[in-house]
There are 2 protein chains.
Amino acid sequence: MPQQGPVRDDSGGPVRRADVDLGLALDRSSTRALPDQLEHALREMVACGELPAGTRLPSTRSLAAQLAVSRGVVVEAYDRLQRQGVLTTRQGAAVRVAEGVDGPPRGASEAPALPAHDPYTLRLHPALVPPATFDRRAWRGLLRRALEEVSDDALRSTSHLGLPELRTAVVAQLARSRGVIAQPERVVVTSGVTHALQLLAPLLRGRGPVAVEEPGFLLHRATLAGAACELRPVPVDRDGIDVDALARSDARTVLLTPAHQMPLGYPLAADRRRELLRWARDTDALIVEDDYDGELRYDRQSVRALQALDPERVIYLGTTSKVLSPALRIGWIVAPSSQLAGIHLLATIAGATPGTLDQAALALALSTGAFDRSVARLRRRCTAQRQAMNAALAAALPHLRREGVEAGLTLTLRAPGLQASQVMACAELQRVELFAVQSGDDALVIVGFGDVHESRATDAAERVAAILQAAAQS
Amino acid sequence: MPQQGPVRDDSGGPVRRADVDLGLALDRSSTRALPDQLEHALREMVACGELPAGTRLPSTRSLAAQLAVSRGVVVEAYDRLQRQGVLTTRQGAAVRVAEGVDGPPRGASEAPALPAHDPYTLRLHPALVPPATFDRRAWRGLLRRALEEVSDDALRSTSHLGLPELRTAVVAQLARSRGVIAQPERVVVTSGVTHALQLLAPLLRGRGPVAVEEPGFLLHRATLAGAACELRPVPVDRDGIDVDALARSDARTVLLTPAHQMPLGYPLAADRRRELLRWARDTDALIVEDDYDGELRYDRQSVRALQALDPERVIYLGTTSKVLSPALRIGWIVAPSSQLAGIHLLATIAGATPGTLDQAALALALSTGAFDRSVARLRRRCTAQRQAMNAALAAALPHLRREGVEAGLTLTLRAPGLQASQVMACAELQRVELFAVQSGDDALVIVGFGDVHESRATDAAERVAAILQAAAQS
């Protein structure tokens, strides 16, 4: 429901202008984002004892006024510190410094446990899979068998490329489900797609600027930028990336989501695929295919992986995060043979292969068909949840376009004239976990439906509508 | 035993001068190491079908002569390709292109399984823990409990900082075993020390050049260099890093192994610790403490972690790889509070937290004392193995100095006048897995004794002696 009546601060009381002045200042010339600066400054004040445990902090509105920043900046910093347990608030009360985090570090005997927290009353996170996607009992059986069958040697050493049994099983699975063309020695097991990008970053950086989709997935941009890659955002429309714009850029490497563009939700069109591969061959370019949810198409067979069209031009990235559990942290790279030697070295210096037992259990899940059965169950569940959420959003927000095909764990709403940052700040205030990205003048609101059973879709859609209304008014 | 009699090539036959000319050339002006170039070139020839399956390759000696490189270059490239299954050899026969790897990629139905291989007849790898260090039965019980107790939420999402239960358990453990001063919110769970360094690399890079120990652990240098960090090697002697030399460098960040310097094997002396911290405070420097095997001291209590002296100047890195299993891939960062915000962001963009179930099982192992009991058993086992290996090396190589204190999983031999690369190449030829690093005119030979039961120490030491003799003659 939208906020009505007199404006109240998030402590539930009327706005107080007499709040404590923390004597803080933020640096607008810094490249560091304002919420980061504020979070850091507050944490330091807590850590050095300037803000002892129990200190009541100014309301978000008051501190925003002191600092001359938007209230969303303060909301974000407060929220992060609350999630980290540095600040605390009880329902309807002011934000305070948590017990046991102030002052210089103490011995472990005094160490407080991390606070259990779940500040959200509705979770629309794009990566949340439906409950019971991960079958504990089945996994227990697989792990037990893995513990019996894994060799002593595999338990005493690390294979930075991954367990051979898993690499072999992945090849068969990807050929069947995604048309990927590979051999086991071209597979490198990773801790998921994000880790794959961090692992590959030195290789990509060595090839010059990296083109990314605009709008696109911000976390992966941060991963590449953190590894000192220069990025070149290239526009994306409903057919996928603009290959002409890509060709005009100086990038000879591109990161794409061809099966289900994040966040627009469309597959890369057939003619764009051909143009893209022509560009790649003509310019000796390399395509990194992020196939994060390629197994999850509900209306028809997924389009094949781009990799299948030219395995020597495409580095394929996949993950179990969307079809099994993001808590497993297992994914894979399928590499062109020309890149293998370099990628093998990069896997060694990355040092973050998933644990051997989980790898062995997953290899068993793949080879016994347990994985396929689990994905089939998940598809049925997601089909029901997506249909319900789609209908509920159409009813609650009839004027907004819902983007994308029937796939994945998200629906995307195009909200003209809104700022994505405003949408997220309003969602936080209403205790809803919701992401949005900016696309020109529009906010693209990414509604993850994995945690929303069809019986709760109407309620969830109404809360999204309330958030967008609040964002429009702020 | 040292090689005697006429020189033979590694195919077991006499040297043949009439070997096939592959028409290869290496680029000496390239920054890429010669073995890398050769490996890459051979792989490409196999991949494009120029070298079909079954093709007999020239002997190492013959190809080295063709390319005008040292034989070690060819040995290394061949060995890597053998380990990757691209090349194959049967005992005493020539090296050949393996079946099923040649030509352009095929469909998965034809994909050959990865060849099972273990080319070594003696493994002296520095990271090999003794057999049965990882107790499968105990771990099965812990995993079963973890599968029952972990929350649904923890199985449906990723905490990039690690499971709260584990972060809390790690604080108590490190306080007890290493004197580390921390609170759970300052712990970030990683996939081991190497991954921790990759995760931290953007933070370190942002502070300018990073000082590393010389001699030091080459893998970690490669990890930092891969992430575009500039390195400044600083000399190390038996008291640890030369703080005066460090202060003269332009580095304001230093990576150290204070408990057990890798590879020299000594702890950082008390006065050096004080000097180091004075330098850090005076210059606002940051110390990264790699405490990879701090639990494994056999003659007396380990020296406390450097972190305990100044938790705000030291980023502490630890791992279970040396005391439980490198196949678990679990370690941790304990961060100064001033660095937490940045490190939390870096953990998110790294995306490689270990699997939640293993984290939960480890948290139980720590909190129930199972971990401590396992480390105590390991210490007894390692004490026996180290003593036996030490005595055997003293008998087999009486003139060489054995460096380091009674700790860890390695003994270091100083071999004056030898090249580390020669030592490693000779070890490979004799099918021994052995590492060495260069220190001025000496090779420091790192003898990992984790896989050498005391009953086999004499044999192992004699094989090391044979390798060093061969290296001296080559």
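The structure is a predicted model.

The interface is described first. On the side of chain B, 87 residues are in contact with 88 residues of chain A. The size of an interface is often given as the accessible area lost when the parts come together. Between chain B and chain A the buried area is about 7,000 Å², and carbon and sulfur atoms give 57% of that area. Between these two chains there are 26 residue pairs in polar contact, both residues being at pLDDT 80 or more. Elements of chain B that give two or more residues to the side touching chain A are α1 (34-47), α4 (136-149), α5 (152-156), α6 (164-178), α7 (193-206), α8 (218-226), α11 (340-350) and α12 (356-368). The largest share of that side, seven residues, is supplied by α4(B). By residue class, the side of chain B that touches chain A comprises 44 nonpolar, 24 polar and 19 charged residues.

Charged pairs also cross the interface. Side chains of opposite charge can pair when their charged atoms come close. Six salt bridges are counted between chain B and chain A. One of the cross-chain pairs is Arg136(A) with Asp152(B), whose closest N and O atoms are 2.8 Å apart. This pair runs from helix α4 of chain A, residues 136-149, to helix α5 of chain B. Asp152(B) has a relative accessible area of 53% and is therefore exposed. A salt bridge also joins the side chains of Arg123(B) and Asp153(A), at 2.4 Å from N to O.

Because Asp291(A) lies in the loop between β9 (286-290) and β10 (314-319) of chain A, while Arg178(A) belongs to helix α6 (residues 164-178) of that chain, the pair ties together parts that are 113 residues apart in sequence. Both Asp291(A) and Arg178(A) are buried.

A pair in chain B lies within one helix. Glu149(B) and Arg145(B) form a salt bridge with closest N and O atoms 2.9 Å apart. Both residues are in helix α4 of chain B, four residues apart, or about one turn of the helix. Glu149(B) is partly exposed at a relative accessible area of 48%, and Arg145(B) is partly exposed at 37%. In chain A, salt bridges that share partners join Arg238(A), Arg401(A), Glu403(A), Arg414(A) and Asp442(A) into one network.

After the helix comes Gly179(B), with a positive phi near 70°.

Ala269(B) lies between β8 (253-256) and α10 (270-283) of chain B. With a relative accessibility of 15%, Ala269(B) counts as buried. Ala269(B) and Ile241(B) are 28 residues apart in sequence, and their C-alpha atoms are 9.2 Å apart in space.

Methods. Residues are numbered from 1 along each chain as its sequence is written. Chains are lettered from A and ligands numbered from 1 in the order in which they are written. Side-chain values use heavy atoms; hydrogens and water are left out. Contact means heavy atoms within 4.5 Å. Buried area is the accessible area (1.4 Å probe) that two parts lose on being put together, summed over both. A salt bridge is a side-chain nitrogen of Lys or Arg within 4 Å of a carboxyl oxygen of Asp or Glu. A polar contact is a pair of N or O atoms within 3.5 Å; within protein, one must be able to donate a hydrogen and the other to accept it, and residues adjacent in sequence count only if both atoms are side-chain atoms. Ala, Val, Leu, Ile, Met, Phe, Trp, Tyr, Cys and Pro count as nonpolar, Asp, Glu, Lys and Arg as charged, and the others, Gly among them, as polar. Buried means under 20% relative accessible area, exposed over 50%, partly exposed in between (1.4 Å probe, protein chains only).
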